[in-house]
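Subject: Handing over the structure

Hi there,

Here is the structure I promised to pass on to you. Have a look at it first, and then read on for what I found.

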Amino acid sequence: MSRRFQKHTRRNTRDLGGTWDFAFLGEVNADTVDVQRIVFDDRMIVPGCFDATPRYAGKRGLAAYRTRVTLGGARRARLHVDGAHHHATFVFDGERIGAHSGGFTSFYVELPRGRPGEHELVVLLDNRFDEARSPLHLEYFDWFHYGGLTRGVALEELPDASIETCEIRTLSFRRRQIRLELGVSAARDENVALELRLLGRTLLSEQVTLNAGTTRITRDLELAGTEPWSPAAPNLYSLHVTLGDDDFIERFGVREVTVEGQRLLLNSEPITLRGVNRHEAHPTFGHAVPPAVQLADLELLVSLGGNFVRGSHYPQDPQFLDLCDELGVLVFSEAIAWQQTEAHLTNETFLSAQEAHIDEMIAMSVNHPSVVVWGLLNESCSTTEHGRSGYARLIQRIRSRDASRPVTYASNQPHGDLCFDLADIVCVNTYPGWYFGDLSSVVAYLEELVTLLERRAPGKPILIGEIGAGGIYGWHDHNEQRWTEEFQEALLDRALGQLVSDPRVLGVAIWQLTDCRTSERVQNALGRPRGYNNKGLYDEYRRPKLAARAVKKHFTRG
Ligand code: ADA
């Protein structure tokens with residue numbers, strides 16, 4: 001919930017983070033449990049993950065979180081929830097008022113109207129695997145699904161006319177021209193004052209007519225005195241929108257991202273992407289990675305000469321994106337998925353859950369200049385006509401919500417993929433020397449792969465979305481045995497040596513920044529010696545492995 005800038009000065013908001021009452025209920029149904037009879041015999045930190053704490057480590061089931069909220073005189077109040085894992089039911093004074101499925105995105109829960117005073121808020125969180133209830137969190141995925149209120153909760157009290165959405169896109173970086181689109185809701189037809197301020201100056205001040213229900217307000221603005229945002233000069237500006245009694249502050253950058261042939265252009269200049277995949281996970285904190293660790297992750301990346309993060313395989317914390325905006329790190333923001341089958345891609349429950357999740361991802365990240373690419377459906381069924389229909393529908397959903405960024409997906413089927421034409425960037429995950437071939441074949445394989453991709457998807461930029469090898473921290477063997485740090489270093493040295501010097505390649509994201517815990521179904525852990533995905537450049541406590549040295553050598557040379 002904590003952001004790197006203040007979001008409101010008029011709207012009454014309160015961070016509900018802190019210590020909440022807690023009860024682990026286990027095999028209990030959230031729809032039928034008698035909330036009044038829950039015995040809250042423990043406490044839990046929000047934001048946090050209950051199943052990353054020693055007492056509940058690895059437990060799956062229903063958990064109850066309780067706090068008290070005090071409402072003032074406003075008729076309308078709501079919760080702003082930044083990530084609830086992975087199915088949440090909201091109970092206000094004993095009444096079920098809302099539910100949400102799927103973690104890693106922000107959403108709102110309206111509270112009953114016109115009830116000033118103190119109230120009990122209970123959130124029932126279910127981290128069990130249930131394809132009907134939580135279709136976006138499946139047990140076979142190669143990461144550990146933690147449960148909890150991972151990124152915080154805030155209370156907002158809203159006036160009758162309020163700003164629901166605020167989206168800022170650059171129309172022309174040269175003319176410093178942006179388009180502001182506001183989504184406003186009003187209880188009745190009324191005229192209110194709209195004011196826009198930037199850099200201490202009033203850009204616009206006028207009366208606007210709102211209709212009862214929702215109104216869209218669009219204004220194109222030229223921002224004198226601003227400089228474009230880029231990795232080298234990550235200039236950020238805060239636009240303060242005041243509408244009647246409500247307000248909204250949004251931080252943004254003036255920058256354009258376009259694809260031109262095989263190149264990705266930022267403000268008309270070609271850029272190359274040198275980076276890592278990042279799971280938002282930590283052994284002590286689960287998915288609730290604290291800001292200090294988020295910043296350390298970015299500092300590690302930058303110290304290697306990297307400029308790019310693929311948020312694998314779900315939207316990253318808004319505060320992490322704030323830091324990317326500030327540090328000039330480019331982000332591939334990915335909707336949640338992992339090796340979805342044709343059955344998923346033709347299943348209405350899955351597809352509509354994806355659409356809702358895509359909408360939430362875009363709503364929460366659209367104003368981050370660091371986000372330069374949207375992604376979806378990691379390594380899913382892109383090789384059949386039915387699979388393609390799912391890709392087409394979801395890619396279209398992204399484009400309809402935001403046409404200002406290229407769209408891609410990471411394929412692991414370079415030969416048989418049938419969807420490359422649907423994407424703006426061709427992205428392939430590949431593990432030469434690890435899942436197939438040996439060290440000596442890595443360079444030749446990558447050369448052939450890029451040639452194949454150029455043929456199969458002519459004229460599109462080529463991104464290597466994952467490449468890497470396992471390496472267990474502290475395991476050494478100078479014969480370069482698999483799983484040693486030496487092997488991992490040798491493989492990345494060869495792979496990056498080839499990819500960084502190939503002008504046909506837009507970029508590469510190494511698998512992965514740090515090790516992460518994976519599914520408890522160890523039989524699915526792809527022959528790993530522990531229940532961890534040990535392919536990080538850093539171990540799970542962010543200690544560097546030898547491979548970081550090889551990465552730095554190549555990332556800092558071009
Ligand atoms: C895949 C997948 C990653 C991870 C990786 C691995 O390419 O996209 O999430 O599972 O393989 O470690 O095997």
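Predicted model: local features only at pLDDT ≥ 70, side-chain atom pairs only at ≥ 80, totals over all residues.

As for the overall build, the protein contains eight helices and 33 strands. Its radius of gyration is 24 Å, close to the 24 Å that the globule rule gives for 558 residues, so the protein is as compact as a globular protein of that length. The C-alpha trace spans about 70 × 60 × 45 Å along the principal axes. If you look at contacts between residues at least 6 apart in sequence, 72% of them join residues at least 24 apart.

Now for some individual residues, starting with Glu-120. You will find Glu-120 in strand 10, which covers residues 117-126. Is Glu-120 buried or exposed? Its relative accessible area is 16%, under the 20% cut-off, so Glu-120 is buried. Leaving aside residues up to four places away in sequence, Glu-120 touches Arg-66, Thr-67, Arg-68, Val-91, Phe-92, Asp-93 and Gly-94.

One of those neighbours, Asp-93, deserves a look of its own. Asp-93 sits in the loop between strand 7 (87-92) and strand 8 (95-101). Its phi is near 50°, a positive value in a residue other than glycine. With a relative accessible area of 34%, Asp-93 is partly exposed.

Leu-377 also has a positive phi, about 50°, although it is not a glycine. The loop that holds Leu-377 runs between strand 26 (371-375) and helix 5 (385-401). Leu-377 is buried, with a relative accessible area of 0%.

His-313 belongs to the loop between strand 24 (308-311) and helix 2 (318-327). Another cis peptide bond links Trp-511 and Gln-512, where omega is about 0°. Gln-512 is placed in the loop between strand 31 (505-510) and strand 32 (516-517).

Enjoy exploring, and write back whenever you like.

Best wishes

Note on methods:
Residues numbered from 1 in each chain as written. Heavy atoms only, no water. Helix = DSSP H or I, 4+ residues; strand = E, 2+ residues; numbered from the N terminus. Rg over C-alpha atoms; globule rule 2.2 N^0.38 Å. Contact = heavy atoms within 4.5 Å. Buried < 20%, exposed > 50% of the residue type's maximum accessible area, 1.4 Å probe, protein only.
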